[in-house]
Amino acid sequence: MRIATWNVNSIRSRIDRVEAWLQRSDCDVLALQETKATDEQFPFERLRALGYEVAHHGLNQWNGVAVLSRVGLEDVQVGFENMPMWGDPLGAEARALGATCGGVRIWSLYVPNGRSLEDPHLAYKLDWLAHLRDAAAKWLADNPSAQVALVGDWNIAPQDEDVWDMEFFADKTHVSPPERAAFSAIVEAGYTDVVRPHAPGPGVYTYWDYQQLRFPKRQGMRIDFVLGSPALTARVEGASIDREERKGKGASDHAPVIVDLANL
DNA sequence: ATGGTGGGTGTCCCA
């Protein structure tokens with residue numbers, strides 16, 4: 001079974017690319033982030049026509065997460081337990097969607113962007129991650145052999161090699177100790193980065209800013225991850241980052257991240 | 001040539 005995650009940065013502007021990618025990638029499950037669409041605007045039919053069941057959660061032009069599956073899609077859940085809210089008026093943002101696909105509990109996650117070290121959005125991001133940790137720990141406590149994949153755009157570079165220049169990021173988010181601690185807490189709760197062993201760094205990234213010619217200059221960040229529960233991690237046979245998809249006109253600023261699981 | 005972006009409900013906000 002092949003699963004993947006991809007921040008598409010607007011499904012409406014990227015639908016041709018997503019269709020073409022699905023047609024060539026032999027993917028069974030694809031989690032999307034930043035669909036930037038309401039459910040009404042989401043192109044369900046074009047994806048169903050490719051053989052996928054589709055669950056989407058989108059409230060407005062921001063955020064938005066989806067799960068596509070051709071191996072079943074059951075028990076869809078919008079948001080995780082006690083997920084923090086944001087905004088005025090206070091409300092849940094469309095940042096987490098769970099679904100069971102082929103026996104794997106997939107969570108498509110779009111972790112809040114902290115914006116800057118002084119911004120209240122950073123505290124929101126840390127709180128959101130702490131509650132995700134609590135929810136994910138409980139899923140494993142309830143069933144230690146559960147196959148769970150926490151996938152998506154984490155907006156964190158956990159190691160120094162995950163950014164192109166630590167000096168550039170010295171006063172920026174994504175690499176700060178509190179953010180890295182929040183990521184580590186989820187790892188310590190039992191979830192493993194299953195891609196890194198198959199795509200070692202340095203210089204291996206999943207995101208390149210549109211600005212400043214970051215992609216051709218190979219100045220990226222590794223911020224999109226697939227974290228597997230122990231039972232899922234045991235099934236991983238390979239993984240890759242589809243850097244080719246970042247090339248050319250009309251690319252998302254993120255590349256798809258792909259994981260291959262042994263059949264049961 | 002020392003600059004160079006691209007989404008969205010757009011002339012501002014968000015990444």
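**Exercise 1. How many salt bridges does a search of the whole structure find?**

Solution. The search finds 20 salt bridges in the whole structure. The structure is a predicted model, so each distance below is computed from predicted atoms. Side chains of opposite charge can pair when their charged atoms come close. To count as a salt bridge, a side-chain nitrogen of Lys or Arg must be within 4 Å of a carboxyl oxygen of Asp or Glu.

**Exercise 2. Find the residue with which Arg 17 forms a salt bridge, and state where both partners lie.**

Solution.
Step 1. The partner of Arg 17 is Glu 245, and the closest N and O atoms are 2.9 Å apart.
Step 2. Arg 17 belongs to helix α1, residues 11-25, while Glu 245 sits in the loop between β11 (236-241) and β12 (257-261). The two are 228 residues apart, and the pair links distant parts of the chain.
Step 3. Now decide whether the partners are buried. The cut-off for buried is under 20% relative accessible area. Arg 17 has 17% relative accessibility and therefore counts as buried. Glu 245 has 3%, so Glu 245 counts as buried too.

**Exercise 3. Arg 24 also forms a salt bridge with Glu 245. Work out which parts of the chain this pair ties together.**

Solution.
Step 1. The closest N and O atoms of Arg 24 and Glu 245 are 2.8 Å apart.
Step 2. Arg 24 is in helix α1 and Glu 245 is in the loop between β11 and β12, so the pair ties together parts that are 221 residues apart in sequence.

**Exercise 4. Describe the salt bridge between Asp 162 and Arg 196, and name the network to which both belong.**

Solution.
Step 1. The closest N and O atoms of Asp 162 and Arg 196 are 2.8 Å apart.
Step 2. Asp 162 is placed in the loop between β8 (148-153) and α4 (177-188), and Arg 196 in the loop between β9 (192-193) and β10 (224-228). This pair, 34 residues apart, links distant parts of the chain.
Step 3. Asp 162 has a relative accessible area of 0%, so Asp 162 is buried. Arg 196 has 14% and is therefore buried as well.
Step 4. Through salt bridges that share partners, Glu 161, Asp 162, Asp 193, Arg 196 and Arg 222 are joined into one network.

**Exercise 5. Is His 57 buried or exposed, and which residues does His 57 touch?**

Solution.
Step 1. His 57 is located in strand β3, residues 53-57.
Step 2. Its relative accessibility is 12%, so His 57 counts as buried.
Step 3. Leaving out residues up to four places away in sequence, His 57 touches Asp 39, Gly 64, Val 65, Val 78, Glu 93, Ala 94, Arg 95, Ala 96 and Leu 97.

**Exercise 6. Inspect the backbone at Pro 89, Pro 202, Asn 9 and His 174, and report the angle of interest at each place.**

Solution.
Step 1. The peptide bond that joins Asp 88 and Pro 89 is cis, with omega about 5 degrees. Pro 89 lies in the loop between β5 (74-78) and β6 (96-101).
Step 2. Gly 201 and Pro 202 are also joined by a cis peptide bond, where omega is near 0 degrees. Pro 202 lies in the loop between β9 and β10.
Step 3. Asn 9 is not a glycine, yet has a positive phi of about 50 degrees. Asn 9 is in the loop between β1 (2-7) and α1, and at 11% relative accessibility counts as buried.
Step 4. His 174, not a glycine either, has a positive phi of about 85 degrees. His 174 is in the loop between β8 and α4, and counts as buried at 9% relative accessibility.

**Exercise 7. Describe chain A as a whole: its elements, its extent, its burial and its charges.**

Solution.
Step 1. Chain A holds five helices and 12 strands.
Step 2. The C-alpha trace spans about 45 × 45 × 40 Å along its principal axes. A compact globule of 264 residues would have a radius of gyration near 18 Å, and the 17 Å of chain A agrees with this.
Step 3. Of the 264 residues, 56% count as buried. The accessible surface is about 11300 Å², and carbon and sulfur atoms account for 50% of this.
Step 4. Take the contacts between residues at least 6 apart in sequence: 71% of these join residues at least 24 apart.
Step 5. There are 27 positive and 37 negative side chains in chain A, and the centres of the two sets are 6 Å apart.

Key: Residues are numbered from 1 along each chain as its sequence is written. Chains are lettered from A and ligands numbered from 1 in the order in which they are written. This is a predicted model: local features need pLDDT of at least 70, side-chain atom pairs count only at pLDDT 80 or more; totals for chains, interfaces and linings use all residues. Side-chain values use heavy atoms; hydrogens and water are left out. Helices (H or I, at least four residues) and strands (E, at least two) are DSSP runs, numbered from the N terminus. The radius of gyration is taken over C-alpha atoms; the globule rule is 2.2 Å times the number of residues to the power 0.38. Buried means under 20% relative accessible area, exposed over 50%, partly exposed in between (1.4 Å probe, protein chains only). Contact means heavy atoms within 4.5 Å. Accessible areas come from the Shrake-Rupley method with a 1.4 Å probe; for residues, only the protein chains shown count as cover. Lys and Arg count as positive and Asp and Glu as negative; His and the chain ends are not counted. The place of a charge is taken as NZ of Lys, CZ of Arg, CG of Asp or CD of Glu.
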